[in-house]
Amino acid sequence: MKDREIDEILKQAAASGHEVDPAVLDRVAASIGSALRPVRPLPPAWVLEGGLILICAVVALVGAARLGFFGIEKLSGLERGLIFSTLGILVWLAATGFVNEMIPGRRRCVAPGTLLGVASVALIAVFAVVFRDYRTERFVSLGMACLIAGLLHAIPTGLASWWLLRRGFAVDSVAAGLAGGILAGLAGVTMLELHCANFEALHVMLWHTAVIPVSGAAGALLAWVARFRPGFWRPRALRS
Amino acid sequence: MSETPADGAAIAPVDGVREAGNRQVRNVPAVGSDSNLEMLMCLYQQGDFRAATTLIHRLSPQLHRFFMVQFASRPDADDLLQETWLRIHAARHTYRAGEPVLPWFYAIARHIRVDHYRRSRRTVAREQGLGEMPEIAAPAPTAGSGGAHDLEALLAPLPESQREVVEMLKIAGMSLEEVARATSSSVGSVKQKAHRAYEKLRERLSGMGFGKGSTGGLP
């Protein structure tokens, strides 16, 4: 049996018109008509993406300015280029992914789960190339300090990003939360690379990179919780 | 195209009655192409009630069928359709002119269906403790049954993800790219699901004696 024949059978099966109870349509029209007013469409996706990238850059720069630019000062030009170009690409991907998750019917370039893996692996690979000092001094205490500092900078990024996209509509709220969390985590990592002068390879590879999955998981968890409390996450316009 | 004026005058009713008092419109205008839908959507965003009503009448049958194909009962499909339109109404500002319209509608409809599925699964899980439910077989396709019923029966053996892809591709007439957008997946994944669905349908239809000279509708 050929595909064309299956097409034909499907077409025949679907050919007879599918009627909807007119009363249902009238009810829908009446309920929509009673609350119909002009709305302002969302800005173009590139504006929202640009806004998200700007938020990440501002949070990372302000955070590093407050704590000191010790890390970037110690890096060579090549190392700076490698690390920050990778972070730039990942932030752009995460911003695009977050915007796509908040607008129904947008093309999804990379699924948030895949992006999490790609971002983590890419950063570990870059850090492995750049940092060759495999000693570990005060591995956990210094590591936890960096992880917490990164997460503390992810929080304002996540909040500001959510505010920017508050008029969006997430068809998959957990995926949107994950994408937002990844973006926020990348802002935290960027701040750490600007600030942290601890160039032990394992420290950077583990504790700096860990900000992304932890932040992503927090975003997804918040979105999952919000699914059961609709008013918590959804924009005011969608609250019933 | 004749339906360009922004005041909505071009979305002229083919037949029907306008009840101006309560703003109820029962018109099914001659719209079909994506550009018409796009224009109607833009007018709807501008607060044009006629455009909104036209969209409701134009798209509701296929959205309703989308829910029916996913094994929703007719009352459930009615509820889901109403919920979908309320959600569409609340999220209408997220549509941007120039973007394909159908993926936007179907992405929201799909979201409502998934929500409904989760809710019903939780309800079923709570109710199962009261006793064993008898297994109910999917209804066998019968000669002369309605189109939507035939379609449901035909797509019954397919997993949900394949069923929705076939429905969007072959019944709603969306392109691979549009289905990928509506389902938040890649074109490759949609192609793969469609291919697998066709393999299953081929097996099923061959088993039913199709492809051996039969030309009629479903058995």
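**Figure 1. Arg196(B) sits in helix α8 of chain B.** Helices here are DSSP runs of H or I with at least four residues, strands are runs of E with at least two, and both are numbered from the N terminus. Arg196(B) is partly exposed, because 15 other C-beta atoms lie within 10 Å. Buried means 20 or more other C-beta atoms within 10 Å of a residue's own, exposed means 12 or fewer, and partly exposed falls in between, with C-beta atoms placed from the backbone. Gln162(B) is 34 residues from Arg196(B) in sequence, yet the C-alpha atoms are 7.6 Å apart. The model is predicted: local features need pLDDT of at least 70, side-chain atom pairs count only at pLDDT 80 or more, and totals for chains, interfaces and linings use all residues. Residues are numbered from 1 along each chain as its sequence is written, while chains are lettered from A and ligands numbered from 1 in the order in which they are written.

**Figure 2. Chain B holds eight helices and two strands.** Read from the N terminus, the order is β-β-α-α-α-α-α-α-α-α. Chain B has 219 residues, and 43% of them count as buried. Contacts (C-beta atoms, placed from the backbone, within 7 Å) between residues at least 6 apart in sequence were sorted by separation. In chain B, 58% of these join residues at least 24 apart.

**Figure 3. Chains A and B meet through 48 residues of chain A and 58 of chain B.** On the chain B side, elements giving two or more residues include β2 (24-27), α4 (101-127) and α8 (187-207). The largest share, nine residues, comes from α2(B). By class, this side of chain B has 27 nonpolar, 20 polar and 11 charged residues. Nonpolar covers Ala, Val, Leu, Ile, Met, Phe, Trp, Tyr, Cys and Pro; charged covers Asp, Glu, Lys and Arg; the others, Gly among them, are polar.

**Figure 4. Helix α2 (residues 22-33) of chain A crosses α3(B) at roughly 20°, with axes within 10 Å.** The helices are therefore roughly parallel (angles under 35 degrees). Axes are lines fitted to C-alpha atoms over the stretch in contact, with angles from 0 to 180 degrees between N-to-C directions. The crossing of α2(A) past α3(B) is right-handed, meaning that the near helix is turned clockwise from the far one by less than a right angle. Contact residues include Val24(A), Arg27(A) and Ile32(A) of α2(A), and Asp78(B), Trp85(B) and His89(B) of α3(B).

Definitions and conventions:
Contact = placed C-beta atoms within 7 Å. Parallel < 35°, antiparallel > 145°, perpendicular 65-115°, else oblique.
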